[in-house]
Amino acid sequence: MSRLIFPQWTETFKKWVSLLAIGGPVYLTVLIWSCAQNPNTLRIGYQPDQPVPYSHALHAGELGLDCRYCHTTVDRAAKAAIPPAATCMNCHSQVWKESDKLLPIRQAFYENQPVHWVRVHDLPDYVYFNHSAHTTRGLGCETCHGRIDQMVQVYQHAPLTMQWCIDCHRNPEPNLRKPENLTVMGYQPAPGEGAEVKKQYKINPPTDCSTCHR
Amino acid sequence: MSTEATAAAHGTGDARAAFREITHDIAWVAENPKVPKAWYGALGVGLLLLSIGGYCIYHVVMTGIGVWGNNNSVGWAWDITNFVWWIGIGHAGTLISAILYLMRQGWRTSINRAAEAMTIFAVMCAGIFPIIHTGRPWFAWWMIPHPNDMHMWPQFRSPLMWDVFAISTYATTSILFWYMGMVPDLATFRDRSKSKIRQLVYGVLALGWRGSARQWHRYERAYLILAGLSTPLVLSVHSVVSFDFATSLNPGWHTTIFPPYFVAGAIFSGFAMVMTLMIPARYLFNLKHIIKEEHIEAMCKVTLATGMMVGFSYSVEFFIAWYSGNEFEQFTFLNRASGPFWWAWLSMVSCNVLIPQFFWFKKCRTNPWIIIILCIFINIGMWFERFVIIATSLTRQWLPSTWSYYVPTKYDVGVFVGTIGLFLTLFTLFMRFLPSVAIAEVKNTLPEAHAGKEH
Amino acid sequence: MSSLGPRYWKSLDELAGDENLAARMQNEFPDAADQTIDLPSRRNFFRLMGASMALAGIAGPGCQRYEKEEIVPLARRPEDQVPGTTLSYASVFELGGWGLPLVVTSYEGRPLHIDGNPQHPFTGDGMDKYEFGRHAGVTPFASASVLNVYDQDRSKSPLTHGKGATFDDFKNWIATAKNDIKANGGAVRVLSEATSSPTIAQLRRALTGAGVQWHEWEPLSFDNERAGLKLAFGKPLRAMVHLDRADTIVVLDGDIFIEHPAGMRYARDWKRSRGPEGSSLGAGKMNRMYSIESTFTSTGSIADHRLPLRSELILPFASALDAAISGGAMPSAEFLNEDKVKRFIAALAKDLNDVKKNGGHSVVIAGRRQSPQVHALAAKINDALGAGGVTVDYLDEEDRPTHVESISKLVSDMNGGQVKYLFILGGNPVYDAPADLDFGSALGKVDNSVHLSEWEDETSEKTTWHVPRANYLECWGDARSWDGTWTIQQPLIMPLYGGVSAIELLSMVAGDDKTGEQLVRANVESQGGGANWRKSVHDGFVANTAQQPSAVALQSLPMTNLSPTQLGGSRLKNGSLEVVYHYSSNTYDGRFANNAWLQETPDFFTKVVWDNYALVGPATAQDLGIGNESMIKLKVDGRELDVAAYVMPGQAMGSIGLVLGGGRTKAGSKGGTSADTTVGWNTYKVRSSKAIDFASGATVSAGDNYKFSGTQEHWDLRHGIDETLFHFNEGDRGTKERMPEIVKQVDHKAYVEGEGGEAWDAREEEEFWKDPRGRNYSLFQEKTYEGHRWGMTIDLGSCISCNACMVACQSENNIPVVGKDQVVRNREMHWIRIDRYFEGSPDDPRIVNQPVNCQQCENAPCEQVCPVGATMHSSEGLNDMVYNRCVGTRYCLNNCPYRVRRFNFLDWNKEFKDARNRVRKLVMNPEVTVRHRGVMEKCTYCVQRIQNKKIKAKNERRDLVDGEITTACQDACPTGAIVFGDLALKDSAVSALQADRRSYALLGNLNTKPRTQYLARVRNPNPDLG
């Protein structure tokens, strides 16, 4: 009578099977959690090419333009407002007026056709982020956008995940600074400044769903 | 002394014969080269219904719940009705194999294997609905706790979450229990099989079972432990399912009697289904002498008992509604019996309370045809019970302005039919290719197994 | 309450079960699938793949970089434009010849939302006395009109003889025709809609000066009043009523709140004198309203006493009332001797006289459709009651032929071949002109006809030229509000499809090709009494242009002889039935047929959507042997019409209310493009110039069945067994006991003096949850709120069921339209609905309206049961709904006792995925997420407004002011029945109202602790009619 009984060598094989059976799921979970779900692998560092090689490092860094010179509505509206070509032309009608790099800008201005910039910091459409709500509450540009003054080509600095938002909403103090230092780069808040600002402006960020989702 | 003599002296000769006979009879079902036509028929029907169901589910997922009859007042309808019905059917299996085992009910051995199989297939059918009834099934996995970058976890206050855990636990345990019980029999199949493929397949499934004393010892232990584990599940699963309704505040749902009431109902329908399946199987694969008349009769008695529990629950519901003095409750139950869905209520009561009364008579408990018919009625009645609970309560809510009605579409029907197809397909395949009766255990219950004890 | 309490029911079918219902059930429910399933396409297949991959956790939104998205800033941004913010502009919406002042909210250049203008002297007058901010109230029509701007079906280029053409072609044609036009002025005609526009009036003077003849046609006109007051006072006038000064209001067959051009103002004034505690009449005083009408109107639904009476009987009724007040001979009409009518007149006359004796004031208002005699009689009674100058002012009107005379003249001239050029400014005469005139064929006899309209409609087909008209939000114009104030209409957006305005076309015809702005501005600066143009445009009106009351002296009225039916009893035999023409709540007179929002807004009382019908009273229906939803063949002086009957409780005996505005064959993709795709029936087919408002001698024969689609009584079934087994019907069962808890009402007397020695109080349920020591029995621990606690109060006493809140909500919150066949399946999406309950006998019931939106429970049943936490409680007590987290188990819906949650059963926004519908998309409010198929949605108290206002206030380092945040429904409500605010502020309006003893929670005994509370309705019945 022929019967299939597992031969001896399968004994060692069995160990591997059990190892795989137990270790596999653990491994996968860790992998998904630490990598697949991790913003570092997903979003941070996103650095698309722009139609015009505009360098923040030059304008905001070397020339020391204030962020609000271009992003005018950042402290009174939801949107920080990418500047119209007209804003560029304020200077570039005098300087670099011949430069080919600025051709798209001049075109936009004279033909009144918009420039198509590529969005870097892109939240899902069901997230309603309001710049003014943060800039007027003592949150610096740098906190979310990083050292813009050192970026020749802008890239995403922060994860911009819900987790990341909530962490700060639950404990804003470390990130708070006096509103007048809004645009200062590389700013080191004085010890206790956060707590002070929090107290002064009655800052208690809500963590309700409807804070961001409507 | 000749071997025969010894054998005779120890009274084991006919024992071997008897064992061999049983082994042969059961294994023959899987080995018989010419399969009964009826089997092909059943499989064919199963596959047909299954494909219909598949098509309907595809449309539900692609187009939206709107292809069903559900509406702004009736959030749940056939989807959850079917879910609860299948879960209920899935109850008899574990009950028979676990609780009756612990109670040392010998007669269970002939049917427990098939009953467990039925349980697993029923739970599979049930499991489809919680997923496809959601508006966005592709996100149904959000109900499973998993780490994510949103700081979001499921909401554990929701009975639906409890369902997720209760049912997955139940499914896992039942499958383990079922498979472990099969191992020795699979080994038997392996040993008897002629073709290489069968040897390989059964061989792998048998996990190298040799039938040594130690293996038997461990087997018995594990079996006992699993039986102990799954016993509370029999009660917990349907209690949790009933919480879906009991914890809500809708009149007709918001009642404390639901857990026991649902469990009784589940066992009721489960046994009915076992009989609906086993009685034909008995004849088809001539297992009459293994699944004996008294086994069937015993099941009829259980059905009768649980049926009366269910009937009692119905009356209690009405009494409490009246006793509560709450006009919303009172109206709801009055409306069940006399409102738009009176016909559903009527079929529920007649099938679940009146029909089982026939089992008082021995004739009804022994005549296979009568039993089958009664059992089918009971299954229909139990489906209506769930439908009545859901539909009548949701169509006549608190504010009269929101009163509505529910009419199923062909896609409601199609999906339900599809799950029946799945069930039928799996069960026919099981009957053909796996040991449909627990050989080893049946042998255990034979008088011959205990021969020589008197010496 | 005891079983002796009032008996409520929702529909007649329910109160008296109907026979052929079972039969109807069969053919009434086509398989949902048939309409809704799109066959599996490649895209679907890949969606499925994506889905399964998401299930496997490989793909899905969280796990991949977002697709490339662009930011496209304006090359040159205007100063006042801040991206992502809204701006408001004043404008005006003209309907039926009168303007409704508006404030239009625009988002980055797109008009999105429409409210009344609170700064306007007519609608806004003295409002801030009891209300904050922008609650001038707006009609559903004005509110929904914003959708027309983005209607893809609007005509995009001129047509000549049905062939496409360009504007230049048209200009050239005008240029060539110019001399010809100048030459024979008499043969040049203009047919205009009724309009009060001063600029049009000026152009008209110029043209008529050149011999051009001017005609006007409006299917629902207010001519009768002018004619009637001319009878009474010898000069053409219109009545301006001041309900805030009226103790007693008598309305003779009129809808003075929604249909009347001054309705928004009247509603507000009525609310002011309504009370109950304290009103513009003085402390503890409250007006009393009587309505005598043939069909239920909003007026009748909130009147303290309503007498259902055929429209043709109003004349004898009025003269009887006149006789009863100022002595004189009662007309010998039979119905006047019927006990009910007799008692009513007696009590009414007594009441009016008493009021006068006690130095109070009353006013009698005659409805639009009533004959001039009735208006004259009303004036006479008012005069006798000394109403003149107090509760009613008379404003001068220019004398002109009635619309019927005007269009009849035009048609006869057209047939006589005396018309060479016909310019039709808007309107749709081929569809809505009197049937006996047969305008369409007469139009064939005109060599050159030009039709200016927004759509290529029935009339455009038949004219030699069709010219696209700019929507009123796209062009300059003006109009007068009822009080005569000159109101400016300014464009918010360039015409999306080109198109010119009426004034621009007229100036082309006149030969000087001026822009709309030039015309209006020149006119304002010359005629406006030195008004500042910029200021006028900013405010939306020219200051101090309201008309002054004109001095009037009553003349003796000619005796009018009555027709046999007017002398008869109130019950009529088939063959002598009366037909009354009504405006439609869905399409007004048919012009809104292609407006999906309005089409899906349920009628005020029938709750029917996407349809029009013949309203028949229960008794009449019985006489005629027809049931609800049975087709009837209606015959009026020789013309026949097939239409479905809706058996309407309270419809006067022998009167058939025929709703106009259905059966458009060239309205557009929504309102019908051919005879087979019409919405409802063209009831104009039987309307003749001889009986333009109501006709008598109608015959009705029953046909087979039809199915209406309504937002209440979906599939409402009565089953044989109800009547046979239990001898009561569902209307009673269940409703009788619970209605007193759901809708609370009290008589003013009982409210003031209390019942059985103790003061009346609406709040007993809350007590139910307190044990003697005041502890709470609830299982849930009490939530505590540091900051704001948003709450809302809805006053059942002042809801006139005008639907303004529903439409406003729809436009604010991107609420999808689902269509007739989905509404009948009970899948409409409105976040706020107005529940309607009848009370009393079928032939003379009372109506209760109850707006229901999400009650924002503090112990929200929906929150406990969501497995994924898609609906959570906010720290301010809002019941947040997170669409992007919802998986759609619908458990929350099942557990919501108010049934205010709405599920996206199918992809309601599918049409927007179509590239051709780019423009339609523009109406979407970017502040609110557009919901995906398969997710739940509901009212959020306009959380987007709350958040934005909160942020704004905090940016300005200040606290929110009470009333600064308003919900869309609140803004739209003309009577201020909806008040939203912060319960944490002790002195906020809403806190005060919720402390009131009229305030109660709906189903409070469930301990859901709703943040929305209702104010019990206080009625002020006449003791003599008790």
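User: Two strands count as paired if DSSP finds at least two bridges between them. Which residue in β2(C) is the bridge partner of V118(A)?

Analyst: E70(C). Strands here are DSSP runs of E with at least two residues, helices are runs of H or I with at least four, and both are numbered from the N terminus. This is a predicted model, in which local features need pLDDT of at least 70 and side-chain atom pairs count only at pLDDT 80 or more, while totals for chains, interfaces and linings use all residues. Residues are numbered from 1 along each chain as its sequence is written, chains are lettered from A and ligands numbered from 1 in the order written, and side-chain values use heavy atoms, without hydrogens and water.

User: In which sense do β1 of chain A and β2(C) pair?

Analyst: Antiparallel, over two bridges, with β1 of chain A covering residues 117–118.

User: How many residues does each chain put into the contact?

Analyst: Chain C gives 42 and chain A gives 47, with contact meaning heavy atoms within 4.5 Å. About 4200 Å² is buried between them, 51% of it from carbon and sulfur atoms. That area is the accessible area (1.4 Å probe) that the two parts lose on being put together, summed over both.

User: How many salt bridges across it?

Analyst: Three, by a rule that wants a side-chain nitrogen of Lys or Arg within 4 Å of a carboxyl oxygen of Asp or Glu. One of them joins K79(A) and E108(C), whose closest N and O atoms are 3.7 Å apart.

User: And which elements give two or more residues to chain C's side?

Analyst: β2 (70–71) and α34 (943–955) of chain C. The largest share, seven residues, is from α34(C).

User: What about the sheet in chain C, what is the strand order?

Analyst: β7-β6-β18-β17-β16-β8-β9, an open sheet of seven strands with mixed pairing.

User: How do β16 and β17 of chain C run, parallel or antiparallel?

Analyst: Parallel, over five bridges, between residues 421–425 and 448–453. F423(C) in this sheet stands opposite V450(C) of β17(C).

User: Which strands does α14 of chain C touch?

Analyst: Helix α14 (403–415) packs on β8 (188–192), β9 and β16 of chain C, at about 125° to β9(C). Helix α18 (502–510) of chain C lies across β8, β9, β16 and β17, at about 160° to β16(C). Angles run from 0 to 180 degrees between N-to-C directions, with axes fitted to C-alpha atoms, for helices over the stretch in contact.
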